[in-house]
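Student: I'd like a close look at a single part of this protein. Please pick a spot and follow it into whatever it leads to.

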Amino acid sequence: MSAAEAVRSPSVDVDELRIDLEGAGVDVVDEIALEIHPGEVLGLVGESGSGKTTVGMALLGHVRRGGRVGAGTIRIDGRDLAVLSDGDLRRLRGGVVSYIPQDPGTSLNPALRIGKQLEEILEAHATSMSDEQRRARLREALEEVALPSDDAFLRRYPHQLSGGQQQRVAIAMAFANRPRVIVCDEPTTGLDVTTQARVLETVRDLCRSHQVAALYVSHDLAVVAELADRVAVMYAGRIVESGPREQIFSAPRHPYTRRLLRAVPDIAGKRTVVGIPGHAALPGSRPQGCFFHPRCEFAQQDCREVFPPVTELGAAHQVRCYHFDQAVREAPPEGAGQADKHPVGDVVLAVQNLDAHYGARHTLFDVDLRVHRNECLALVGESGSGKTTLARCVAGLHKDYTGDVRLGDDVLPPAARSRSA
């Protein structure tokens, strides 16, 4: 945190938040403390079921059915959400705090044109603007996310846009009212890497230029490393480590954080991916003491008795672990180093001189590939490059192609219904 940030009030201030299940006395998340300053992006990471989305939705004043805020406070731009009426919360959402969904294809209304959906957002919250000012803001919002703002684009429906365009429309809708806070719920999960990079750059630039505090919820550590200023790591409903991005990724102290980073694939292939044994504990079945101890190689008796307190490591770096120093001195994991190479066998699947068409449109050109026994072949490329079409040809789901698909020594018929197996 910079000196300027230290004297500014945070846009998001969460203190000792607990969300539990009504009537059960079981917490979903507890002891959650977060601060996000204007222009800052906080990455919230952890396995599925760790409580990330629950925390993110709480910033919108929303708790899923069957849950309730059991303790703690949530302040958004200085406003305590607990004392706001339902009407005030509705005005807060979309105006002061906005949301970017994981799948804009299902969150955008398929029956409404893009222009109309943007207009509705502004009409609901920018009530002091004239119609002309709202139209100007609408076009400005689209231009900020590198989308056309002409009438032809505004008349399109969501299904007429690519996945990347749909996501940028969702971002434009979230930023249209110049909110103070944005909650991003894994908004690049379904995008290819180049589109993902453009979307992330757009989010980062808009947060900085408009001084918006962002909570970026994700399980993708590579995305968080690219976007976030600070990172908080959640496990089984608790934040177990938090700190500046550089500290978390270069010098993690909690064993869980270190194991998460080990599980990130190495594109150079110099080490194998090492998973975390066991499963994360669910609400109501969490062990006594540190929730991670059944999966931790450094667990001792104290870990099994009381959940670790917060330890300050300096430079706004915190960890909840009794043996974080021991974790730092750990030996390289088994399987580290060059990934194992299994001997390959005979060719099992071969594609030869394959050209595919959709009507008059030529989509695949002279594709050749071979997959051997004991081999895994990865097929990668941008959206629209032909990956799915090739897979459909191999599976017999797209028969408008020339060339051969061979399984062993047999040439497969183009249509799956004509194949023997």
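Tutor: Let's start at Arg178, which counts as partly exposed because its relative accessibility is 24% (under 20% is buried, over 50% exposed, partly exposed in between; 1.4 Å probe, protein chains only). This is a predicted model, where local features need pLDDT of at least 70 and side-chain atom pairs pLDDT 80 or more, while totals for chains, interfaces and linings use all residues. Residues are numbered from 1 along each chain as its sequence is written, and side-chain values use heavy atoms, without hydrogens or water.

Arg178 sits in the loop between H8 and S7 (helices are DSSP runs of H or I, at least four residues, and strands runs of E, at least two, numbered from the N terminus). Its phi is near 50 degrees, a positive value in a residue other than glycine.

The largest nonpolar core has 58 residues, and Leu142, Val169, Ile171, Phe175, Ile182 and Tyr256 touch the most other members (a core joins buried Ala, Val, Leu, Ile, Met, Phe, Trp, Tyr and Cys through side-chain atoms within 4.5 Å). H8 gives the most to this core, six residues. There's also a second, separate core of 32 residues, with Leu17, Val96, Val217 and Met234 among them.

Zoom in on Ile171. Setting aside neighbours within four places in sequence, Ile171 is in contact with Ile100, Val145, Val199, Thr202, Val203 and Leu206 (contact means heavy atoms within 4.5 Å).

Several of those names take us to helix H9, where Val199, Thr202, Val203 and Leu206 are among the buried residues. Thr195, Gln196, Leu200, Arg204 and Cys207 are buried in H9 too.

Just after H9, Gln211 takes a positive phi of about 55 degrees. Glu16, in strand S1 (residues 12-21), also has a positive phi, about 50 degrees, though it isn't a glycine. Glu16 is partly exposed, at 42% relative accessible area.
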